[in-house]
Amino acid sequence: MKNTVYKKGWLFLLATLLLLVLAACSGDSATPEETDTEPGTTTTDEGAGGISGELEIQYFVGGYGDTWWKTVIEDFKKAYPDVEVIEHSGPNINTEMNTRWISNDPPDVVYIDGNGSNETQMISDGQLMDISEWAKGITLEDGTPLIDSFISPVEELDGGKIYSLPLVFDTWGVWYDGNWFEEQGWEAPSDFDSWLASMKQIKEESGIAPFNTTGQYPQYFQRGVLYPAFAAAGGEELLNNLSNGVVEAWESDEALEVMKKVEEIVDAGLVDTGFAAYSHTQSQMNFLLHKNAYIPVGFWLPNEMINDTPEGFEYSFVPTPMNDAGKPMALIPDIRPVAIAQEADNPEAAKAFLEFIFTEKYAQKFAESTGAIMNLKNVDLSSNNNVPAFLKGINEMINNPGAIQIYERSTPTDTNEQEINVEMTNEIKLQIVEILMGRIDAEEFVERLTNKAKELRGV
């Protein structure tokens, strides 16, 4: 009797376990055929916001370093655990990834900066995605549309199409050592007359050539001195017409007046006579060693030279003072954009990443780690102890409309106009070296560029 009871109890237990197993298998779970996906495909039913799969990001590493990128990518992976981020980065990354772009197998996200990258060319070649509709729907934490929150506005081409978002607000200006100037009793300039007087005083009192630039890369002088000078003299119209080879612009009084100012600096013996042989790093090193007092560079200077900066050196910046007395100083934004490839394998993850980085939090971190400014309005850096003093001053200046005048350079959309722009840019760089070496004067500089414009325009 006892064995019979045990046997019945054992059978009941087995039956119960069997029912539980059958119940577990008879739910709404999908079959293996329903869940399998092909290798390499992206699913959208997992992860934060349904985002998963591989996300390839290409970013150039130059004067800004890569600390910020490493930070945001790690944070993004935590927020989107089902996304596998693959980084392609380095100082030569644009060249290294060129074959991927040519073969229509690009990364999903690209930061357009550094040698070998050209946004205009990428748009012309159909390599960047039209993100207009999506971009116009993004809002910041406070509900403000992202499209209305840029210091330098997003560029709309081909009837309002958006191919990139302006990530980095950089600009070129003149740098000096604030501590050295204070010790010597030298005043920072605010216009061309005070700048010329300052350089003459420095030369007389210290015996150095106060101004230096790199002759190997004449675009430093072009962007750091000539562009703001042209803008201050004739606004955006003159600035863009000169770059685009409009003959009448080069024949204008304003163009000659600007070059007369350059000639005056040269004739006064204020330019370092060795500039033509200097690389950008050599000219910057000479500046740090007080062999010179002024140098035109972008915001990346302190970060790029951080390991060579002497103790007590205080990086100080002023928009290039080529403006006339009583007129505002000019700033020309030098924007570094970020975009999504037209042939992106994971566009949804790419969009999630771009939306993720445009926040107050990462704007603060960008200023901390790069010494430059993210292209977002009303980011208050004043209370951030990790941001250098010079950048706080620049940020305040940029967000104060009365302090300076910001002028935008436009990108030609017509292929022929783009080619003319490139040819004019190259010719300007050639003639910069000539005038700074004293081989030609202002009239000849303008004449050579006028003739180049006529040649390109078939006049």
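**Notebook: cores, rings and a buried strand**

I began with F211, which is buried at a relative accessible area of 2% (buried means under 20%, exposed over 50% and partly exposed in between, with a 1.4 Å probe and protein chains only). Before going on, I noted that this is a predicted model, where local features need pLDDT of at least 70, side-chain atom pairs count only at pLDDT 80 or more, and totals for chains, interfaces and linings use all residues. Residues are numbered from 1 along each chain as its sequence is written, and side-chain values use heavy atoms, with hydrogens and water left out.

**Ring pairs**

I looked up aromatic pairs and got 30 for the structure. Rings of Phe, Tyr and Trp (its six-membered ring) pair if their centres lie within 6.5 Å; planes under 30 degrees apart count as stacked, over 60 as edge-to-face, and the rest as tilted.

Next I checked W175 with Y315: the ring centres are 6.1 Å apart and the planes sit at 90 degrees, so I wrote this pair down as edge-to-face. W175 is in strand β7 (residues 173–177) and Y315 in strand β9 (residues 315–318), so the pair ties together parts 140 residues apart in sequence. Helices (H or I, at least four residues) and strands (E, at least two) are DSSP runs, numbered from the N terminus. W175 is buried at 0% relative accessible area, and Y315 is buried at 10%.

Back to F211, whose partner is F221: centres 6.0 Å apart, planes at 85 degrees, so edge-to-face. F211 lies in the loop between α9 and α10 (219–243) and F221 in helix α10, so this pair links parts 10 residues apart in sequence. F221 is buried too, at 4%.

I also found one aromatic cluster, with Y59, W68, W69, F353 and F366 among its members.

**Cores**

Which residues have the most contacts inside the largest nonpolar core? I got L165, L167, W175, F353 and F358, in a core of 87 residues. Helix α15 (residues 347–357) gives the most to this core, with 7 residues. A second, separate core has 56 residues, including V174, A293, V433 and I435. For both, a nonpolar core is a set of buried Ala, Val, Leu, Ile, Met, Phe, Trp, Tyr and Cys residues joined through side-chain atoms within 4.5 Å.

**Strand β6**

How many residues of β6 (residues 165–171) are buried? I counted 7 of the 7, so the strand is largely enclosed by the rest of the structure. β6 runs antiparallel to strand β11 (residues 333–340), joined by 6 bridges (two strands pair if DSSP finds at least two bridges between them). In that pairing, D170 stands opposite D334. β6 also runs antiparallel to strand β12 (residues 373–374), with 2 bridges, and there V168 faces M374.

**Two helices**

I looked up S198, which is in helix α9 (residues 192–206). S198 is buried at 5%. Leaving aside neighbours within four places in sequence, S198 is in contact (heavy atoms within 4.5 Å) with F181, E187 and Y294.

Last was helix α18 (residues 415–436): at 1.5 Å a residue, its 22 residues should span 32 Å, and the end C-alpha atoms are 32 Å apart, which agrees. The expected span is 1.5 Å times one less than the number of residues. D414 caps the N-terminal end of α18, with a side-chain oxygen 3.0 Å from the backbone nitrogen of N416. Just after α18, G438 takes a positive phi of about 80 degrees.

Terms used: A polar contact is a pair of N or O atoms within 3.5 Å; within protein, one must be able to donate a hydrogen and the other to accept it, and residues adjacent in sequence count only if both atoms are side-chain atoms.
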